[in-house]
Amino acid sequence: MNIQDELNTTSGFNNLDLLARQVVEGFISGLHKSPFHGFSAEFAEHKLYNSGESTKHIDWKLFARTDRLYTKRYEEETNLRCHLILDNSASMHYPFQNQWSIDALNKMSFSVLGAAAIMNILKKQRDAVGLSIFGEAYERYVEEKSSLRHHHLLLDQLNGLNDSAFLPARPDERVGRAGRQGAKASTSTRTYANLHLIAEKLKRRSLVILFSDMFQTEVEQEALFEAVQHLKYNKHELVLFHVYDGKWEQNFDFDNQPRRFVDVETGESIALFADTVKAGYQEEIAAYFEALRLLCLKNKIQYVPADIRLGFERILTTFLVARQKFT
């Protein structure tokens, strides 16, 4: 049974930690010769055991051969501080889902599982991890810690996010870019304002990872520029996972039937045939994605397009590269 089959047999996100471990294990097993050090199975060298040291890393097989105690010395032992930021705005809950399927995640559930997978790697390394959540307002801040109790607290926060990711769509409405059907539309999601608030709380140098579709009511490039600049303060390393649905939101791959498209950030809607605007839409969205990429390049932010239909490999590979660079 492959990783996708195993995940499909698990009911929803009732065991998010298990799902995250399966994602990570499936990813790691797919690496032929990993350049990423610090995992339990990889070590740099042996060293003689000194009386009083922990016996956790004693190599008992080597002891059986040599009758001397050696411990395994691992690479990348430097502890990391990582702060995960999740955008919980209405548009992150698109596409609609009324049941769990690992093969058909929406942007929110994709981000939740991606964040949990990163947390699973951080837990293995005993690294400190924190969490921020924002929507219309700055909803949650949890400082960085490395304890098992703290890990479970963060999983509980992520589970709460995911509970709202699966809401039924009304069958009589066909919707393009949208979020939670039937929920009260946001009047505004100012990503940059919330990023400023988060930056104020991050006092110690951290690897900061942001999951967001970067859709907002007011696309103010200068304000966004200042916010990401603020996040780079105190030498934070910033990675932006730009989460989107490539089929619908990038390629606008709708058939040419009359549809009503709803902007859940404002509640505004428009009825039209998709083919009449497809070419212009693709041009505009490509220009926006490129502007965002260049903004990140200018500010030395790692920009990672994260199409929810392409799985987690790019997410985890980028995280491991960023981790090595940061430490």
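I take contact to mean heavy atoms within 4.5 Å.

**Ground rules.** I am working with a predicted model, in which local features need pLDDT of at least 70 and side-chain atom pairs count only at pLDDT 80 or more, while totals for chains, interfaces and linings use all residues. Residues are numbered from 1 along each chain as its sequence is written, and side-chain values use heavy atoms, with hydrogens and water left out.

**Entry: Met214.** I looked up the neighbours of Met214 first. Not counting residues up to four places away in sequence, Met214 touches Asp87, Thr191, Leu224, Leu240, His242, Tyr288 and Leu292. Met214 sits in the loop between β6 and α7 (221-231). I use DSSP runs, numbered from the N terminus: helices are H or I with at least four residues, strands are E with at least two. Is Met214 buried or exposed? Met214 is buried, because its relative accessible area is 2%; buried means under 20%, exposed over 50%, and partly exposed in between (1.4 Å probe, protein chains only).

**Entry: whole chain.** I noted 10 helices and 10 strands in the protein chain. Of its 327 residues, 49% are buried. Among contacts with a separation of 6 or more, 76% are between residues 24 or more positions apart.

**Entry: the sheet.** I traced an open sheet of six strands with mixed pairing, in the order β5-β4-β3-β6-β7-β10. Two strands pair if DSSP finds at least two bridges between them. β5 (138-145) and β10 (302-307) are the edge strands, each pairing on one side only. From one strand to the next, the twist averages 15°. I then looked at β3 and β6 (residues 207-212), which run parallel and are joined by five bridges. Cys82 has Leu207 in β6 as its bridge partner.

**Entry: helices on the sheet.** For angles, I use axes that are lines fitted to C-alpha atoms, for helices over the stretch in contact; angles run from 0 to 180 degrees between N-to-C directions. α4 lies across β3, β4 (128-134), β6, β7 (237-244) and β10, and runs at about 170° to β3. Helix α9 (residues 278-298) also packs on the sheet. α9 touches β7 and β10, and its direction makes about 170° with that of β7.

**Entry: α2 and α4.** I found that the axes of helix α2 (residues 16-29) and α4 come within 8 Å and cross at roughly 75°. α2 is therefore roughly perpendicular to α4, a label for angles of 65 to 115 degrees; under 35 counts as roughly parallel, over 145 as roughly antiparallel and the rest as oblique. Residues making the contact include Leu16, Leu19 and Val23 of α2 and Val112, Leu113 and Ile121 of α4. By class I have 10 nonpolar, one polar and three charged. Here Ala, Val, Leu, Ile, Met, Phe, Trp, Tyr, Cys and Pro count as nonpolar, Asp, Glu, Lys and Arg as charged, and the others, Gly among them, as polar.

**Entry: Asn106.** Last, I looked at the loop between β3 (81-87) and α4 (107-124), where Asn106 is found. Asn106 counts as buried because its relative accessibility is 0%. Which side chain does Asn106 join in a polar contact of 2.8 Å? The partner is Ser109. A polar contact is a pair of N or O atoms within 3.5 Å; within protein, one must be able to donate a hydrogen and the other to accept it, and residues adjacent in sequence count only if both atoms are side-chain atoms.
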